[in-house]
Amino acid sequence: MDYTLFVIQLLNGLQLGILLFLVASGLTLVFGILDFVNLAHGSVYMLGAFICASLTFALGNFVYALLISLPIVAVIGYGFERLIARPLYERDHLDHVLGTFGAILVIDTLAHMIWGPAGIAIPLPAALDGQTQLAPDIIVPTFRLAIITAGLIAAAGLYWLVNHTRTGMLIRAGASNRTMVTALGVDIQALFSFVFAIGAALAGLAGMLIAPITEASLGMGNNIIITAFVVIIVGGIGSMKGAFLAALLIGMIDTLGRAFLDDIFKLFMSSSAAENSAPAISSMSIYLIMASILFFRPQGLFPPKLR
Amino acid sequence: MTALLTVSQLNKSYGGVRATDDLNLEVMTGELHAVIGPNGAGKTTLISQLSGNVFPDSGTISFDGIDITHMVEHARPHLGIARTYQITSLINSMSVIENLQLAIQAKQGHSFKFWKPYADNKDVRTAAHEYAARVDLGSRAEMQVANLSHGEQRRLEVAMALASDARLLLLDEPLAGLGPEEASDMISLLETLKGQQTIVLIEHDMDAVFTLADRISVMVYGHIIATGDPYHIRQNQDVQHAYLGED
Amino acid sequence: MQKKVFVQGLILAAVLIVPLLLNYMGHPFYLDLATRLCILAIAAVGLNLILGYGGMISFGHAAYLGLGAYAVGIPAHHWLYGGMDAIATTNGFVQFGLALLVSGIFALLTGLVCLKVKGVYFIMITMAFAQMVYYLFISIAEYGGDDGLVIDTRSEFPLVNFDDATQLFTICAVSLFFVMWLVWRISKSQFGMVLAGIKGNEQRMIAMGYNTFAYKLAAYVISGMICGFSGALLGNFTTFISPEMIDWARSGELMFMVILGGVATTFGPLLGAITFIILEEVLSTITIYWHLPFGLLLIGVVMFVKGGLSALIPKAGDKE
């Protein structure tokens, strides 16, 4: 197996892991604090991609478009919380699931009506469009490095927000004891809306970052949401640290599995058998990992501390 | 008399709190053994470990000579251990009779019977009615549990444990939340059980405890500080301290 | 009671006779629609066993439809194009047997994992397992991958001909009635009572001495097999199988049918399926964007039916 390819795939895995974290962090934040299951979280990821695409064409620059799209998706998240989520908080999870499933149908159809059925490719500015040489024989697309950097900055920002600010303290307190936070005189509703907006911005950011590589397309949100579920299940629902580590783990396994599983299989089976079975196994790998982790640790790898 | 239940050196901690601290307890066959203690002494945690809902960190529990410390919860009723809950825990969507039927059937082998309508199971139904009558719920037999009064639910709680035909009953505050009249009904019910079955009774109502118990263990901070008959417990200095404070 | 039985009989008669009548009068379209209705209703009945009677909210039951359909399609594919001689056949008994077997085994294996957890975890994990099957079939190029698999030949049974639309419909309708009766019997059995008890208060059932995990697993497997059977019929009906059948939106639609129709009832899934098919048909003739009003309707029902859709769930002990 060749070294250059391995490093590049490792970076790809890291990139996928970070994008997954951006989506999963919002999910796990909302679930941990509001006990709310939001299937439509993936739709925000998709909206981020589409909005950023339109703005890129309008403004002629991807970076500006991204910076403007971020507050837009945050507002969408805020509106979603007010309109859809808030009336459902007191209901059980089945209602959350059905209500947000309905919301997905609505959002996806609206996106279909606005942007049409075909995907939209986003052109990158010249500065991001080239290749970067990391080491003598390792050349990677600059934009992938940009994704990783932007994702890590967002993750660090989230970490800072949650662990080192007053709002973050309230968020953490709200997760463990909602009544107490209300008793302290904090406007819990505003806090919830804020959490939703942050989650939406992060998911939207992930969509914007991936869109120049994959295009903005209609089904993209619904594919990533389930992978994000796998991430938070493996990490332990409600745990930010768990989500981060699980996202990297899942991103790596998925990427490396797709890239190298056939080579590994060829070590002990015929080459045609390996080529036939490797794609099937690697497509299932993250789910198999999830199943085996859950079998031994039903609460996930890093369950949040008991309430 | 032989011990039906022997608990030795039992420990269970939650975080830094030792809910069960080096606890020893022996319950003789046929006795009604009350466990009393101030709030937070760890009485419910003890019951949960005996019934298998919670596993101890260390120590052993043996029932009728069998080590059940690590036995799964659903296996213990088959040995003859049944419990009731301090906070009523019934199947609210079902009728009184259906609840009792489930309790009776739990002991009759497996329930992987997919075909025969359960309503046809006359023997179980008859037995269920008998248990309902025994706790004075005969007239409520077909009523949904959710619609019963609190006192009636508490009685059904006990009847469920009886219906499982256990040798050891673990009763977790059967008098909880009952008015004076309902409480005295419950006490009479428990009196009829006395001598029939071995009972571990957790209760806050001291009148009831001193009326009913053959022996009493006093639990403070997860530890049994005294065991004895009601007379001796009443006289015990440590117990008075625990309940009344230093003065 | 008499009146209720009469209404129920009327519904069943209508499901069977109206499509045949319309077909006879020269509207074969309705026969197709009704065939699809019956097949989806079978799956909804299967899902209802765990969702309604058992309180296990599975968001991944479309996987069993897919497995059942591929269990028909793959043997047929090999029978036509060679390879895998062991399963290459058009024999309906083998194909349907395979569908039941595969869906049963899949339910058993995934059940061992997902029944260890509750609530939201259960919802998400059933979803994830369905997605696993979805990606599995996408990745197998031999069976068409993304594009799906065309079955050029339907299951062959003695006496009946699946190529005849009328016969296929009749088989589907009769199968539906049979499965409804089966689940009704199960729900009234001792097993059904235990299942209802677990839904009502699992902790108490454990304390009484029930190994609730085993009972839930059994229900989960039966439910999966019913959906697998439905999938085998679906493969025969569409003669085109694709991973799209396993898309999680399909699982969501199944849930919608069960819940809208009324969980833990014998006729609920059928009524839900009828409502769904009519909605889909009517809305999609009005606009290609029919998911928009459908989604709004779904949100509206969840929000404004008092206490949410779950409030429509009759308690386990309620007799129909």
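Predicted model: local features only at pLDDT ≥ 70, side-chain atom pairs only at ≥ 80, totals over all residues.
**Surroundings of A278(A)**

A278(A) counts as buried because its relative accessibility is 4%, and buried means under 20%. Leaving aside residues up to four places away in sequence, A278(A) touches L261(A), D262(A) and F265(A). R258(A) lies 20 residues from A278(A) in sequence, and the C-alpha atoms of these two residues are 7.8 Å apart in space.

**The contact of chain A with chain C**

There are 2 pairs of chains in contact, and of these chains A and C share the most contacts. Chain A and chain B, by contrast, do not touch, their nearest C-alpha atoms being 10 Å apart. The size of an interface is often given as the accessible area lost when the parts come together.

| Item | Value |
|---|---|
| Residues from chain A in the contact | 47 residues |
| Residues from chain C in the contact | 42 residues |
| Area buried between chain A and chain C | about 4100 Å² |
| Share of that area from carbon and sulfur atoms | 81% |

Within chain A, the residues that lose the most area to chain C are L94(A), L98(A) and F101(A), which together account for 15% of what that side buries. Across this interface of chain A and chain C the rule finds 0 salt bridges, while it finds 6 residue pairs in polar contact, both residues of each pair being at pLDDT 80 or more. At least two residues of the side of chain A that touches chain C are supplied by each of helix 3, helix 4 (93-115), helix 10 (220-235) and helix 12 (271-296) of chain A. Helix 4 of chain A gives the most to that side, with 16 residues.

**A nonpolar patch on the surface**

L59(A), V63(A), Y64(A), L67(A), I68(A) and I72(A) form a nonpolar patch on the surface, and their accessible area together is about 540 Å². Helix 3 (residues 62-85) of chain A contributes the largest share of this nonpolar patch, namely 5 residues. L59(A), on the other hand, has its place in helix 2 (residues 41-59) of chain A.

Notes: Residues numbered from 1 in each chain as written. Chains lettered and ligands numbered in written order. Heavy atoms only, no water. Patch = residues over 30% accessible without salt bridge, like charges linked within 9 Å, V, L, I, M, F, W, Y side chains within 5 Å. Areas by Shrake-Rupley, 256 points an atom, 1.4 Å probe, with all protein chains shown as cover. Salt bridge = Lys/Arg side-chain N within 4 Å of Asp/Glu carboxyl O. Helix = DSSP H or I, 4+ residues; strand = E, 2+ residues; numbered from the N terminus. Contact = heavy atoms within 4.5 Å. Buried area = accessible area lost by both parts, 1.4 Å probe. Polar contact = N/O pair within 3.5 Å; in protein donor to acceptor, adjacent residues only side chain to side chain. Buried < 20%, exposed > 50% of the residue type's maximum accessible area, 1.4 Å probe, protein only.
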